[in-house]
Amino acid sequence: MKKILITGATGQIGSELTRVLRQSYGADNVIAASNRKPSADFAEPGPFYLLDVRAGDRLDHLVAEHRCDTIFHLAALLSAVAETRPQEAWDINMNGLLNVLETARKHRCAIFFPSSIGAFGPGTPSIDTPQDTLQRPTTIYGITKVSGELLCDYYYRHFGVDTRGLRYPGLISSEAPPGGGSTDYAVEIFYAALAARHYDCFLSADTQLDMMYMPDAIDAALKLMNTAPDKLRHRNAFNVTAMSFTPAELAAEIRKRIPDFTIDYRIDPVRQAIASSWPRHMNDSAARAEWDWQPRFDLAAMVEDMLQKIAVKLQ
Ligand code: AKB
């Protein structure tokens, strides 16, 4: 990676990835692009462009102008918001990816594409979910994710584009807020715990899901992209997880540090239905074997770090 384009750079993963990549590769070598302007405290200073990934010509122009060799394609609608606008979700998630793949084919770029636990559905084994298994998601987000995985495989096989990707679990970050996902409770809870000592959770107490702290999510993407190609048997859509917990277990971990914290459950039927269709705990042995995936943060370490960082932000 010498010159990198990040789409969706102002989003939850993008904001932190842009900062880390700019620190490693130099600000001018990391081109941030998003459909919305960055906030004042965005990443490190560096080149930024407004970009709707559905505008293929503009994307192509950006990559050509900056001679990019790698694209981290993060722009997408997340699961809950996608259910409210399914046609738009298809348009952004699929046509955006197709434009990125076509641009990469023309300019010989490597691509990182984040898939998700959302690429699985209710018929998939939900415990120890295998790397290669049944994928019949029931959400439009999941349909775009599994289609994206297949499209990335296709571009690798037919055009030799170096596509790589991960199936991320719910991501927890102390920096940018998530935007419209079904796992957002696992971030909101920290702000509520510190500010109000109380949180109303939109998922039920026993909804168990895979999760990961953002520093591990960034490490995983960089490690995969830096792996020698001959090590990879799977290229796209590696299962990766770092921890698996329910809202009740997360609340109990927070209560060890904030004893008067309380939680109630006010279920949102849409997000509950989405989360209930996803795996509870994925098997990520392919990622561990093929490129040495190893998370650093478990539940306790993540909670400790989140509480410290969010407390500073709320001051
Ligand atoms: C979402 O909830 O949509 C995302 C995801 C698990 O892909 N956080």
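Residues are numbered from 1 along each chain as its sequence is written. Because the model is predicted, local features need pLDDT of at least 70 and side-chain atom pairs count only at pLDDT 80 or more, whereas totals for chains, interfaces and linings use all residues.

The ligand is surrounded by Leu78, Ser79, Ser116, Ile117, Gly118, Tyr141, Gly170, Leu171, Gly181, Ser182 and Thr183, where a residue is near a molecule if its C-beta atom, placed from the backbone, lies within 6 Å of it. This shell has 4 nonpolar, 7 polar and no charged residues; Ala, Val, Leu, Ile, Met, Phe, Trp, Tyr, Cys and Pro count as nonpolar, Asp, Glu, Lys and Arg as charged, and the others, Gly among them, as polar.

An unreviewed UniProt entry lists residues 4-240 as "domain: NAD-dependent epimerase/dehydratase"; such annotations may be inferred rather than shown by experiment. Over residues 4-240 the chain is 41% helix and 19% strand, with the end C-alpha atoms 23 Å apart. Helices (H or I, at least four residues) and strands (E, at least two) are DSSP runs, numbered from the N terminus.

Two packed helices are described by the angle between their axes and the distance between the axes. Axes are lines fitted to C-alpha atoms, for helices over the stretch in contact, and angles run from 0 to 180 degrees between N-to-C directions. The axes of H6 (residues 185-196) and H11 (residues 299-314) come within 10 Å and cross at roughly 60°. H6 is therefore oblique to H11, as angles under 35 degrees count as roughly parallel, over 145 as roughly antiparallel, 65 to 115 as roughly perpendicular and the rest as oblique. Phe190, Tyr191, Leu194 and Ala195 in H6 meet Met306, Leu307, Ile310, Ala311 and Leu314 in H11, contact requiring C-beta atoms, placed from the backbone, within 7 Å. By class, this contact has 9 nonpolar, no polar and no charged residues.

For H1 (residues 12-25) and H7 (residues 214-225), the axes come within 10 Å and cross at roughly 65°. Here Ile13, Glu16, Leu17 and Val20 of H1 meet Met214, Ala217, Ile218 and Ala221 of H7. These residues divide into 7 nonpolar, no polar and 1 charged.

H2 (residues 56-66) and H4 (residues 86-107) pack at about 35°, with their axes 10 Å apart. Their contact divides into 4 nonpolar, 4 polar and 3 charged residues.

Key: Two residues are in contact if their C-beta atoms, placed from the backbone, lie within 7 Å.
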